[in-house]
There are 2 protein chains.
Amino acid sequence: MTGQRGLTLTPIGTLRTPWQTTSACPRNGRQPNPAPRCTAHVLPEYQDGLQSLEGFSHLILLYWLDQAKPAEMCFAPPFDPTPRGLFATRAPWRPNPVGLSVVAFDGFQAPGVLLVRYLDCLDGTILLDIKPYLPTTDSEPAATMGWLDPHATRPHCSAPEKAR
Amino acid sequence: MTGQRGLTLTPIGTLRTPWQTTSACPRNGRQPNPAPRCTAHVLPEYQDGLQSLEGFSHLILLYWLDQAKPAEMCFAPPFDPTPRGLFATRAPWRPNPVGLSVVAFDGFQAPGVLLVRYLDCLDGTILLDIKPYLPTTDSEPAATMGWLDPHATRPHCSAPEKAR
């Protein structure tokens, strides 16, 4: 039941970031302080879809992690000795290497060019989708983080004595 | 630069929900009260990737909206007279019809079968990815919602006099 089109994706644009190699990419988009400004360049045929985007402070970007190695179902993360299941991580080597970032949206640099912060992907990454971030359905500030809790990137403004 | 594999997705499982037709699906997963329990059935070859998922209270599920009509860059939503850009909506008819839900994770019903709440998609929807929800990077409770603000699904526990 895959409809008429099959499970094939089409690029809608390109992400420009400061990182030219996977080893240069930060662990996540909140790690660099300050978070560098990145841009999302939407192809002309999709730019009409950007109307009414102003007023959303945050967006969800989906993109294609084309440099990821083949999926590995279980592996020991660099910062943890215990092997973990892939779906309990945000590692890029997934059966479907679709990356997801919640980004701050700082408006348009030019028509079709979005200014965003909190990306962590390679320069030139293929953009697949832009969704408005809705705190009413997407925000769960009290969510628990399982094994990742001690390794989490905490907000930079946390007082050191309170940070774990 | 699409690597060796092209932009092709592969199903990792199936979502079971109470909704058999698109018209029966709720507007979003927080609208039904109470939110019905749904299940995500992961194919055997991917079940090793579910290790260490316990302890995460919420997950991000990506799935394939195979019943969506062709993408339309600008349209008037049913609840708003003004035409809006597609990327300022969560409509399913997108250039890449990948749906995203932040769901509550209630544990395993059986090996490879996850109990979740807050889905809004059709029964039988193809599952593409499971990511752990990380409040440190995914939660923006103060995000603004632009044109969607007056139409938002507010939490059921809001006092009516405070809800807008």
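Trainee: How many residues lie between β6(A) and β7(A) in their hairpin, and which residue in the turn has a positive phi?

Mentor: The hairpin of β6(A) and β7(A) has two residues between the strands, and A:Gly112 in the turn has a positive phi of about 80°. Please keep in mind that this is a predicted model.

Trainee: How many bridges join β6(A) to β7(A)?

Mentor: There are four, and the two strands run antiparallel.

Trainee: Which bridge partner does A:Ile60 have in β6(A)?

Mentor: The partner of A:Ile60 is A:Val102. β3(A) and β6(A) are paired over seven bridges, in the antiparallel sense.

Trainee: And how many bridges join β3(A) to β8(A)?

Mentor: Six bridges join β3(A) to β8(A), again with the strands antiparallel. Opposite A:Leu59 stands A:Pro132 in β8(A).

Trainee: What do the strands of chain A close into, and in what order?

Mentor: They close into a barrel of six strands, ordered β1-β2-β7-β6-β3-β8, with antiparallel pairing. From one strand to the next, the twist averages 45°.

Trainee: Now chain B. In what order does its closed barrel run?

Mentor: The barrel of chain B is closed by six strands in the order β1-β2-β7-β6-β3-β8, and the pairing is antiparallel. Neighbouring strands of this sheet are turned by 45° against each other on average, direction ignored.

Trainee: Where β1 of chain B meets β8 of chain B, how many bridges are there?

Mentor: Three bridges join β1 (residues 13-16) of chain B to β8 (residues 125-132) of chain B, and these strands run antiparallel. B:Thr14, for instance, has B:Ile126 in β8(B) as its bridge partner.

Trainee: Changing topic to the interface: how many residues does the contact take from chain A and from chain B?

Mentor: The contact takes 75 residues from chain A and 75 residues from chain B. Between them the chains bury about 6,800 Å², of which 59% is on carbon and sulfur atoms.

Trainee: How many residue pairs are in polar contact across the interface of chain A and chain B?

Mentor: There are 41 such residue pairs, counting those with both residues at pLDDT 80 or more. On chain A, β3 (58-64), β5 (84-85), β6 (98-110), β8 (125-132) and α1 (135-138) each supply at least two residues of the side that touches chain B. The largest share, six residues, comes from β8(A).

Trainee: How do the residues on that side of chain A divide into nonpolar, polar and charged?

Mentor: The side of chain A that touches chain B has 37 nonpolar, 24 polar and 14 charged residues.

Trainee: What about salt bridges: how many are found across the interface of chain A and chain B?

Mentor: Six salt bridges are found across that interface. One salt bridge between the chains is formed by the side chains of B:Glu140 and A:Arg30, at 2.7 Å from N to O. Over all chains, the count comes to 18 salt bridges.

Trainee: Next, B:Ser57. Which residues does B:Ser57 touch, beyond those up to four places away in sequence?

Mentor: B:Ser57 touches A:Ala143 and A:Thr144 in the other chain, and B:Val103, B:Ala104 and B:Phe105 in its own. Its side chain reaches the backbone nitrogen of A:Thr144 at 2.8 Å. B:Ser57 itself is placed in the loop between β2 (37-42) and β3 (58-64) of chain B.

Trainee: Last topic: which residues are joined by a cis peptide bond in chain A?

Mentor: In chain A, a cis peptide bond joins A:Asn33 and A:Pro34, with omega about 0°. A:Pro34 is in the loop between β1 and β2 of chain A.

Trainee: And in chain B, what is omega for the cis peptide bond of B:Asn33 and B:Pro34?

Mentor: Omega is about 5° for that bond. B:Pro34 is found in the loop between β1 and β2 of chain B.

Methods: Residues are numbered from 1 along each chain as its sequence is written. Chains are lettered from A and ligands numbered from 1 in the order in which they are written. This is a predicted model: local features need pLDDT of at least 70, side-chain atom pairs count only at pLDDT 80 or more; totals for chains, interfaces and linings use all residues. Side-chain values use heavy atoms; hydrogens and water are left out. Contact means heavy atoms within 4.5 Å. Buried area is the accessible area (1.4 Å probe) that two parts lose on being put together, summed over both. A salt bridge is a side-chain nitrogen of Lys or Arg within 4 Å of a carboxyl oxygen of Asp or Glu. A polar contact is a pair of N or O atoms within 3.5 Å; within protein, one must be able to donate a hydrogen and the other to accept it, and residues adjacent in sequence count only if both atoms are side-chain atoms. Ala, Val, Leu, Ile, Met, Phe, Trp, Tyr, Cys and Pro count as nonpolar, Asp, Glu, Lys and Arg as charged, and the others, Gly among them, as polar. Two strands pair if DSSP finds at least two bridges between them. Axes are lines fitted to C-alpha atoms, for helices over the stretch in contact, and angles run from 0 to 180 degrees between N-to-C directions.
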